[in-house]
Amino acid sequence: MLLKDIDDLNSFFHFTNKSNLKNINLYGLIPRIGINANNIEATKKVFFSKGKTAVLELCDVWLKWMMNNAFGPKDLYGYYKEMRFDEKRKLISLWSEEFLTREYLKDEAKLNFVFEIVYNKMKKAVYLLLDLDDSIYSVYDIDEVKDKMLKEKENKIDYYYMKEMYGSFSNVDNNKMERWNMHTLSDVGVLPDKVSLIKASNGNSDMLSVVMEIYEEKGIEYNWDILIKYISYVKRREHIYGII
């Protein structure tokens, strides 16, 4: 399915690694609790975004989530690996302040470190178009992450973290799903014949090509937290090194 032929508002986008396509073609999308959602999500689901602009909203959030994975206590990508333990501990302890004061948006070294990781992940991923109806999802369902945070509202740090992470296009003061972070009903998957691969106008099906085309069509006028910086990084990278 060509991206330009997809409805701007009432379409459902799910991204996944290219390596998953064979199993998806056989079995469809199976509801899961992902590795990074353990102890966060309570039930198995399939996640998706509704509408093209929501794809960009998800990317904006995902980039910030990746920043936290890189520079917070998880240190998932080895940013601190060459540092002494005391230096590493100090920098990790300062990350919360850097994130909550939005100083991280000015740190070009950290931004570029994460942007390169995300670039490579996007080149290895694809976007799928899902054919969904009311038997598969409900617009009234809740975001279990927001719900958990709101029930523990005495922890103000978590609240402010989520507020920054979810962006100005989200409402973290209720537990409703955002259009960029929707999901199927619990334990409900999507059958293979309800899933189709999305291709950008240039014929490429990688996630990055789809996101870049949507951004040029829908994203330029929005005040993104971090996505605009990532798009600029991609354009510079591909101008210098060519498209890989």
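Which residue lies over the face of Phe-71, and at what distance from the ring centre?

## A charge over a ring

Lys-110 lies over the face of Phe-71, at 5.4 Å from the ring centre. A charge counts as over a ring if NZ of Lys or CZ of Arg is within 6 Å of the ring centre and within 35 degrees of the ring normal.

## Basis of the model

This is a predicted model, in which local features need pLDDT of at least 70 and side-chain atom pairs count only at pLDDT 80 or more, while totals for chains, interfaces and linings use all residues. Residues are numbered from 1 along each chain as its sequence is written, and side-chain values use heavy atoms, with hydrogens and water left out.

## Aromatic pairs

Rings of Phe, Tyr and Trp (its six-membered ring) pair if their centres lie within 6.5 Å; planes under 30 degrees apart are stacked, over 60 edge-to-face, and the rest tilted. The count by this rule is 21 aromatic pairs.

Phe-48 is buried at 2% relative accessibility, and Tyr-137 is buried at 8%. Buried means under 20% relative accessible area, exposed over 50%, and partly exposed in between (1.4 Å probe, protein chains only).

Ring pairs also join Phe-71, Tyr-79, Tyr-80, Trp-95, Phe-99, Tyr-104, Phe-113 and Tyr-161 into a cluster.
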